[in-house]
Each structure stands twice: as structure tokens, then as C-alpha cells.
Amino acid sequence: MLKLHSKTWLWYALAIVVFMLDQASKMAVSGSLEMHTPVVFTSFFNFTLMHNYGAAFSFLGDAGGWQRYFLGLLAVVVSVGLIIWLARIPKRKTWEPLALALVLGGAVGNLYDRATLGYVVDFIVVHYQTYYWPAFNIADMAISGGAIMLLIDALRGKPQPNAEAVETLDK
């Protein structure tokens, strides 16, 4: 049995906070905005309530309904994997578990929507003139931010010991 250290619980708590912020924002927007009616904040940013029946960028959005179960199952598998991964990270690490907690919280937020509503609530819209980025939500931001952090971590690679330290160890 794997024993969880205190920092692991901190990362799980962060994932729960991400989930709660995501759900609170979706409830607030769903209760106050009309579908597909923008509330403009700036010339490049607005809130527009939308329902995404597919994956990222509405991929598979019009696939006939099976995608709800497929994407839900995929999110469950990924979430369980992230929970286990977080439990196995050494206590001294902070960057990697932070990234994983963000991804986990976002994945569970969108999974909850998909399981309870049959779609994911999206509402944040960024655009330049007539070029629109697909609508997204706080869960998507957490997933994207965590994924970018994991990519940065992978690109940094493992620190190599300097030559002096290796010589000292060899003696």
C-alpha cells in the first residue's frame, strides 16, 4: 500500500479548489447568461454561454452521442492515473505535482459537466477582429496551464551533475 505524504494531500486539495472554482463559474454563468449571447468586456474578450458536446475545440461535437461516454470514460481513466502519479511523486518536488494538480482539477471539472449535463459548459471567448478562439472555461485553462508546465518540465530535462561532483564521488 502506498503511503501518502502531507504534500500529496496539498496537491489533491489544489485539484479540488480548481474543480470548485470551475463549477462555481459555470453555475454563475449558466444562471445569468443566455445561450450564444455575448457579454462584451473588451474589444477582444467576452463571455458567451455555450455547450460543448465534444472534446477540445468541439472535436466530435456532432458525433451522435456516443462521444459523451467515450470522453467521460477517458477522463475517468486519466484522472485515476493522475491521482496515482501524484501519490508517487517525491515530497521534494513542487513543479510537477503543481502541474498535475491543475490538470486533475480541470479534468474532473469537465468530467462532472459531461456526467451530469451531457456537455461541458464553455463561456470564455477571446478574439481578434473576426478571428475567434474556441470558447473555453476555467477547467480548460487549468488543463492547458498544467500541460504547458509538464512540457516545460520535460524540456528542462534532468539536471546533470557537474564534473567536480562526479570526481569527488569517484574518489
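G109 is found in helix α3, where helices (H or I, at least four residues) and strands (E, at least two) are DSSP runs numbered from the N terminus. The model is a predicted one, in which local features need pLDDT of at least 70 and side-chain atom pairs count only at pLDDT 80 or more, while totals for chains, interfaces and linings use all residues. Residues are numbered from 1 along each chain as its sequence is written, and side-chain values use heavy atoms, with hydrogens and water left out.

With a relative accessible area of 0%, G109 is buried; the term buried means under 20% relative accessible area, exposed means over 50%, and partly exposed lies in between (1.4 Å probe, protein chains only). Leaving aside residues up to four places away in sequence, G109 touches F19, D22, Q23 and K26, a contact being heavy atoms within 4.5 Å. G109 and D22 are 87 residues apart along the chain, yet their C-alpha atoms are separated by 6.3 Å.

## Overall architecture

The protein chain has five helices and four strands, which follow the pattern α-β-β-α-α-β-β-α-α along the sequence. Of the 171 residues in the chain, 34% are buried. Among contacts between residues at least 6 apart in sequence, 65% join residues at least 24 apart.

The accessible surface of the chain is about 11000 Å², and 70% of this surface belongs to carbon and sulfur atoms. Accessible areas come from the Shrake-Rupley method with a 1.4 Å probe, and for residues only the protein chains shown count as cover.

The expected span of a helix is 1.5 Å times one less than its number of residues. The buried positions of α1 are T8, W11, Y12, A15, V18, D22, Q23, S25, K26 and V29.

Helix α3 has 23 residues and reaches 33 Å from its first C-alpha to its last, close to the expected 33 Å. Just after α3, G118 takes a positive phi of about 90 degrees.

## Nonpolar cores

The largest nonpolar core has 11 residues: W11, Y12, A15, L82, L86, A87, I89, L100, A101, V103 and L104. The elements that give two or more residues to this core are α1, α2 (66-88) and α3 (95-117). Helix α3 provides the largest share, four residues. Another core, of eight residues, lies apart from this one and includes V29, L49, Y119 and I124. A nonpolar core is a set of buried Ala, Val, Leu, Ile, Met, Phe, Trp, Tyr and Cys residues joined through side-chain atoms within 4.5 Å.

## Salt bridges

The count comes to four salt bridges, each being a side-chain nitrogen of Lys or Arg within 4 Å of a carboxyl oxygen of Asp or Glu. In one of them K26 pairs with D22, the closest N and O atoms being 2.8 Å apart. K26 and D22 are separated by about one helical turn, because they are four residues apart in helix α1. An α-helix has 3.6 residues a turn, so residues three or four places apart point the same way. Both K26 and D22 are buried, and D22, K26 and D113 are linked in a network of salt bridges.

E96 forms a salt bridge with K93, with 3.0 Å between the closest N and O atoms. E96 counts as buried because its relative accessibility is 11%, whereas K93 is partly exposed at 31%. A further salt bridge joins the side chains of D153 and R156 (2.8 Å, N to O). D153 and R156 both lie in helix α4 (residues 138-156), three residues apart, or about one turn of the helix. D153 is partly exposed at 23% relative accessibility, while R156 is exposed at 51%.

## A nonpolar surface patch

On the surface, F44, V126 and W133 form a nonpolar patch, with about 320 Å² of accessible area together. Patches are made of residues with over 30% relative accessible area and no salt bridge; like charges are joined within 9 Å and nonpolar side chains (Val, Leu, Ile, Met, Phe, Trp, Tyr) within 5 Å. F44 is placed in the loop between β1 (39-42) and β2 (45-52). With 48% relative accessibility, F44 counts as partly exposed.
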